[in-house]
Amino acid sequence: MMLYPPMGDLVDKTGSRYQLVNLVARRARNIASNAQETGDILNDKPVSIAIDEVYEGELSIRK
């Protein structure tokens, strides 16, 4: 099964799998919370949205 975006590319953008998981989980919780507060209906799952943000460079780890 082919994953998109490739896991290797995501890990390269964050530094490690651990950081990737923490970043995506934190952002996904934030997306879900904001959607619930505003009553927005999400077309995609919050985790998918967060992964796309990491892949596109919109979300990164502050060093």
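Reader: In what order do the elements of the protein run from the N terminus on?

Author: This is a predicted model, where local features need pLDDT of at least 70, side-chain atom pairs count only at pLDDT 80 or more, and totals for chains, interfaces and linings use all residues. Residues are numbered from 1 along each chain as its sequence is written, and side-chain values use heavy atoms, without hydrogens and water. Elements are DSSP runs numbered from the N terminus: helices are H or I with at least four residues, strands are E with at least two. The protein has 3 helices and 0 strands, and the order is α-α-α.

Reader: How are α1 and α2 oriented to each other?

Author: Axes are lines fitted to C-alpha atoms, for helices over the stretch in contact, and angles run from 0 to 180 degrees between N-to-C directions. The axes of α1 and α2 lie 8 Å apart, at an angle of about 90°. Angles of 65 to 115 degrees count as roughly perpendicular (under 35 is roughly parallel, over 145 roughly antiparallel, the rest oblique). So α1 is, relative to α2, roughly perpendicular.

Reader: Which residues in α2 do Met7, Leu10, Val11 and Thr14 in α1 meet?

Author: Contact means heavy atoms within 4.5 Å. By class, the residues of the α1 contact with α2 are 5 nonpolar, 2 polar and 1 charged. Nonpolar covers Ala, Val, Leu, Ile, Met, Phe, Trp, Tyr, Cys and Pro; charged covers Asp, Glu, Lys and Arg; the others, Gly among them, are polar. The α2 partners are Arg17, Gln19, Leu20 and Leu23.

Reader: Which residues of α3 make the contact with α1?

Author: Helix α1 (residues 7-14) and helix α3 (residues 46-55) pack at about 65°, with axes 9 Å apart. They are therefore roughly perpendicular to each other. From α1, the contact uses Asp9, Leu10, Lys13 and Thr14; from α3, it uses Ile51, Val54 and Tyr55.

Reader: What percentage of the residues in the protein is buried?

Author: The protein has 63 residues. The buried share is 22%.

Terms used
Buried < 20%, exposed > 50% of the residue type's maximum accessible area, 1.4 Å probe, protein only.
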